[in-house]
Amino acid sequence: MSFVSFDFHPRIAAGIRAAGYTVPTPIQTQAIPPILQGRDIIGLAQTGTGKTAAFALPILQRLMQGPRGRVRALIVAPTRELAEQIHDAITELGRETRLRSATVYGGVSLQPQIARLRTGVEIVVACPGRLLDLLGQRAIDLSHVEMLVLDEADRMFDMGFLPDIRRILKQLPAERQTMLFSATMPDDIRQLTAEILRRPVTVQI
Ligand code: AMP
């Protein structure tokens, strides 16, 4: 199988080539088609499987159509390192698309993040605590989010982020596509998926 069969926009196909990807990984083969169809998804996969591109490529594809300059995709991750990795992957794969991504996490000053958000980005990669700070200050508008990714959900749960996630979910449109990735499926995560995903497709690697 090759990436050509997914029929990505030529500008995204160019990003895939520039990243040096030729053959999709198993999670990409299984997850990309349902995500492109707009389905909710549970991805049981660890880091190193190619899961980032599995959600990033369909997000880029959808964002090629429709308005720019507003946040339409939100990716929530447990750590700043993971947030930066996801942002870097999106920047690389989306290099020809002119779509823009911003990172939001604590431990660094707020102002540069607020300034970047004000420039109008379509994708935000965020850690929960800082995202809630920005929401509290009305420095970010999530009312146009069409796609939500919860990445490494089990780790977010272990780190005690579940209440924060629930607070963030309240600020998002109910009508959206939700994707949850987790290496394991403890009961609390399973319960969360039952609450927030609609008829999800489960992909397990
Ligand atoms: P991830 O699991 O998303 O952290 O990805 C692990 C690594 O695999 C990253 O360095 C990606 O750039 C790389 N990668 C993802 N998909 C592919 C692919 N289809 N072909 C080659 N490398 C890939």
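# Helix packing exercises

The crossing of helix 3 with helix 4 is right-handed, where right-handed means that the near helix is turned clockwise from the far one by less than a right angle. The model is predicted, with local features needing pLDDT of at least 70 and side-chain atom pairs counted only at pLDDT 80 or more, while totals for chains, interfaces and linings use all residues. Residues are numbered from 1 along each chain as its sequence is written, and side-chain values use heavy atoms, without hydrogens and water.

**Exercise 1.** Describe the packing of helix 3 and helix 4.

Step 1. Axes are lines fitted to C-alpha atoms over the stretch in contact, and angles run from 0 to 180 degrees between N-to-C directions.

Step 2. That angle makes helix 3 oblique to helix 4; under 35 degrees counts as roughly parallel, over 145 as roughly antiparallel, 65 to 115 as roughly perpendicular and the rest as oblique.

Step 3. Contact (heavy atoms within 4.5 Å) involves Thr 52, Ala 53, Phe 55, Ala 56, Leu 57 and Leu 60 of helix 3, and Ile 86, Ala 89, Ile 90 and Leu 93 of helix 4.

Step 4. Nine of these residues are nonpolar, one is polar and none is charged. Ala, Val, Leu, Ile, Met, Phe, Trp, Tyr, Cys and Pro count as nonpolar, Asp, Glu, Lys and Arg as charged, and the others, Gly among them, as polar.

**Exercise 2.** Determine how helix 2 and helix 3 are arranged.

Step 1. Helix 2 (residues 26-36) packs on helix 3 at about 25°, with the axes 9 Å apart.

Step 2. The two helices are therefore roughly parallel.

Step 3. Their crossing is right-handed.

Step 4. On the helix 2 side the contact includes Ile 27, Gln 28 and Ala 31; on the helix 3 side, Lys 51, Pro 58 and Gln 61 are among the residues.

Step 5. The contact residues divide into 10 nonpolar, two polar and one charged.

**Exercise 3.** Is Gln 28 buried or exposed?

Step 1. Gln 28 lies in helix 2.

Step 2. Its relative accessible area is 3%, so Gln 28 is buried (under 20%; exposed is over 50%, partly exposed in between, with a 1.4 Å probe and protein chains only).

Step 3. Beyond neighbours within four places in sequence, Gln 28 contacts Phe 3, Phe 6, Pro 33, Gly 50, Ala 53 and Ala 54.

How values were computed:
Helices (H or I, at least four residues) and strands (E, at least two) are DSSP runs, numbered from the N terminus.
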